[in-house]
Amino acid sequence: MELLGIYHYWVFAVLLMIGFYAVVAKVNLVKKLIGLSLFQSAVFLLYITMGKVSGGTAPIFLKDMIDPVFSNPLPQVLILTAIVVGISTTALGLGIVVRIKEEYGTIEENEIQEIDRR
Amino acid sequence: MTVLFSVFLLTLLVITAIAAVQSRNLFVSVMLLGIFSLLIAANFLLLDAADVALTEAAVGAGISTVLFLGALALTFEREHRPTPHRWLSLAVVFAATLVVLYATFDKPKFGDPGAPVQVHVAPWYIEKTPEVIDVPNIVTAVLASFRGYDTLGEVFVVFTAGIGVLFLLSASHGHAAQRRPDNGDESKIGLRNDLIPRVVGRLLVPFILLFGLYVQFHGDYGPGGGFQAGALIAAAVILFALVEGEERTLEAIPRGALLALMVSGALLYGLVGVAGIFLGGEFLNYSVLADDPIAGQHLGIILIEAGVGLTVTGVLLSIFHAFAARDRF
C-alpha cells in the first residue's frame with residue numbers, strides 16, 4: 001500500500017513534467033495547449049490522490065450505511081469545477097491559436113517571431 | 001487486485017502522455033489526449049471520486065477532443081519544425097522532475113486517515129451535511145450550498161470564456177470570413193452518407209440526452225449535477241451535429257437560443273442568491289427560500305444546479321459552433 005502511494009505521487013510528478021516539457025520545448029502552439037492540458041490533469045490527479053482515505057468510499061450517504069468512512073469530498077468539489085473551467089480556458093486558447101493562424105499563416109512560435117521581427 | 005489495476009492504469013497514463021507529446025502528427029496527439037482523459041477518469045473512480053470521474057469522461061474525452069479537432073481543421077495537422085534546444089529543455093525538465101520527486105517523500109502516506117488534509121475541515125462538512133442540507137451526495141452539498149459562492153464564480157469564469165471565444169472567432173478580420181451557409185450539395189454535410197455512424201449516432205443521441213437530464217436532476221442523490229449534465233447534453237448535441245451536419249443542428253437549436261441559455265443560467269444562479277437577501281437571509285443562503293430550512297436548501301440546490309447546467313450547455317455548444325462556422329482557407 002505504501003509503495004502504491006509513492007507511485008501515485010511519482011506518476012503525478014512525471015505527468016506534470018511531461019506537460020511542462022511540451023509547454024517550454026515545443027514551438028507548435030496546439031502542442032503547447034496539449035501540454036497545458038496534461039499539466040492540468042496531473043494537478044487534478046494530485047488533489048484527488050490526497051483526498052483518498054484507505055478503506056473509504058465515494059462521499060455519498062446510502063440508507064443502510066453504518067458508520068461509513070468517506071474519502072475527502074473537498075478536493076473533489078474543487079477539481080470538479082476546475083475541469084469545466086479548464087476546458088473553457090483551453091477553448092479560449094484554441095480560439096486565439098486559430099486567430100493567430102489566420103493573421104500569420106503559421107502556428108509555429110519561432111516563425112511567428114520571425115514575421116514579427118520583419 | 002485493485003492495487004494491480006491502479007498501477008496498470010497509472011503506467012498507461014504516463015505512456016499515453018509521453019506518446020501524445022512525442023508525436024509530430026497533431027491528430028494523433030489529440031486522440032491520445034482523449035484516451036489519456038478516459039484513463040485518468042477511470043483512475044479518479046478508483047480514488048473514490050465518482051463525480052470527478054463523470055465530469056472528466058464527459059469533458060476531457062468528449063468535448064475537449066472535438067474542440068481540439070475543430071481547431072486542427074482550421075490550422076495544421078502536423079508540426080512543421082523540429083523542437084529547438086531540445087536537450088536544454090530536457091535537462092531543465094529532468095532537474096525539475098528530480099525536485100518534485102524529492103518532495104514526494106515528505107508527503108503524507110497514501111490513504112492515511114490522519115493526514116492533515118483529512119483532519120482539518122473535511123470532517124465538519126461530512127458531519128454537518130445530513131443535518132443542515134440533508135442531501136446524500138456530500139460533493140453536491142459542498143459545491144452548491146456550503147461553497148455556493150465559489151461555484152457562482154466558476155460559472156462566471158465559464159461564461160466569460162464562452163464570451164471570449166465568441167468575440168475571437170466571430171470577428172471577420174483580414175482574409176478570414178464567416179462561412180456562407182451551405183446551399184450546395186446537402187448530402188455532403190456531416191456523416192449522413194456513412195451508414196454505421198448515422199445509425200449509431202441517431203440511436204445514441206436521445207439516450208445521452210436522457211442520461212444528461214438524469215445526471216442533472218439526480219445530482220443530489222448520486223454522482224452528478226449541473227457541470228456533468230451540461231457537458232453530457234452538449235456532447236449529445238455535438239454528436240448530432242457531427243452526424244447530421246451543423247446546419248441542421250442550428251435549425252433545431254439556433255445560435256440565439258444558445259446565447260439565451262448561457263445568459264439565463266448565470267442570471268438564474270445570481271437571482272437565487274439575491275432572492276436569499278430579499279427573503280431575509282444572506283446572499284446565496286437557501287434556507288430562507290422555503291418555510292422549512294431543509295426544503296429551502298433542496299429548492300436552492302435544484303435551482304442553482306439548473307443554472308449551472310444551462311450555462312455550461314450554452315457555453316460549450318456556442319464554442320463548438322464558433323469553431324465549426326469558421327471557414328478553412
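# Helices, domains and chains in a predicted model

Reader: Which residues of α8(B) and of α12(B) make the contact?
Author: On the side of α8(B), L152(B), V155(B), F156(B), F159(B) and G162(B) take part. The partners in α12(B) are M262(B), A266(B), Y269(B) and G273(B).

Reader: Is α8(B) roughly parallel or roughly antiparallel to α12(B)?
Author: Helix α8 (residues 148–170) of chain B and helix α12 (residues 255–278) of chain B have axes that come within 10 Å and cross at roughly 160°. Because angles over 145 degrees count as roughly antiparallel, α8(B) and α12(B) are described as roughly antiparallel.

Reader: At what angle do α10(B) and α13(B) pack?
Author: Two packed helices are described by the angle between their axes and the distance between the axes. For helix α10 (residues 226–244) of chain B and helix α13 (residues 293–325) of chain B, the axes are 7 Å apart. The crossing of this pair, α10(B) and α13(B), is right-handed. Their packing angle is about 35°.

Reader: How many nonpolar, polar and charged residues does the contact of α10(B) with α13(B) have?
Author: Residues of α10(B) in the contact include F227(B), I233(B) and V237(B). Among those they meet in α13(B) are E305(B), V312(B) and L316(B). Counted by class, the contact of α10(B) with α13(B) comprises 13 nonpolar, 4 polar and 1 charged residues.

Reader: Is α9(B) roughly parallel or roughly antiparallel to α10(B)?
Author: The axes of helix α9 (residues 195–217) of chain B and α10(B) come within 8 Å and cross at roughly 165°. Since an angle over 145 degrees is classed as roughly antiparallel, the relation of α9(B) to α10(B) is roughly antiparallel.

Reader: How many nonpolar residues does the contact of α9(B) with α10(B) have?
Author: Helix α9(B) passes α10(B) in a left-handed crossing. The contact of α9(B) with α10(B) has 5 polar and 2 charged residues. Its nonpolar residues number 16.

Reader: How many helices and strands does chain B have?
Author: From the N terminus on, the elements of chain B run α-α-α-α-α-α-α-α-α-α-α-α-α. Accordingly, the count for chain B is 13 helices and 0 strands.

Reader: How far apart do the C-alpha centres of domain 1 of chain B and domain 2 of chain B lie?
Author: The domain assignment of chain B gives domain 1 (1–107) and domain 2 (115–329). Their contact takes 14 residues from domain 1 of chain B and 18 residues from domain 2 of chain B. The C-alpha centres of domain 1 of chain B and domain 2 of chain B are separated by 25 Å.

Reader: From which helix does the largest share of the side of chain B that touches chain A come?
Author: In the complex, 85 residues of chain B are in contact with 77 residues of chain A. The side of chain B that touches chain A divides into 55 nonpolar, 19 polar and 11 charged residues. The largest share of that side, 13 residues, comes from helix α3 (residues 50–74) of chain B.

Reader: Over which residues of chain B is the pLDDT below 50?
Author: The mean pLDDT of chain B is 86, and 93% of its residues reach 70 or more. Where pLDDT is low, the predicted coordinates should not be read in detail. In chain B, the stretch with pLDDT below 50 is residues 174–186.

Reader: Which element of chain A has the highest mean pLDDT?
Author: Chain A averages a pLDDT of 89, and 98% of the residues score at least 70. Among its elements, helix α1 (residues 2–25) of chain A has the lowest mean, 88. The highest mean, 93, belongs to helix α2 (residues 29–51) of chain A.

How values were computed
Residues are numbered from 1 along each chain as its sequence is written. Chains are lettered from A and ligands numbered from 1 in the order in which they are written. This is a predicted model: local features need pLDDT of at least 70, side-chain atom pairs count only at pLDDT 80 or more; totals for chains, interfaces and linings use all residues. Axes are lines fitted to C-alpha atoms, for helices over the stretch in contact, and angles run from 0 to 180 degrees between N-to-C directions. Helices (H or I, at least four residues) and strands (E, at least two) are DSSP runs, numbered from the N terminus. Angles under 35 degrees count as roughly parallel, over 145 as roughly antiparallel, 65 to 115 as roughly perpendicular and the rest as oblique. Two residues are in contact if their C-beta atoms, placed from the backbone, lie within 7 Å. Domain bounds come from an automatic or database domain assignment. pLDDT is the predictor's confidence in each residue, from 0 to 100. Ala, Val, Leu, Ile, Met, Phe, Trp, Tyr, Cys and Pro count as nonpolar, Asp, Glu, Lys and Arg as charged, and the others, Gly among them, as polar. A crossing is left-handed if the near helix is turned anticlockwise from the far one by less than a right angle, and right-handed if clockwise.
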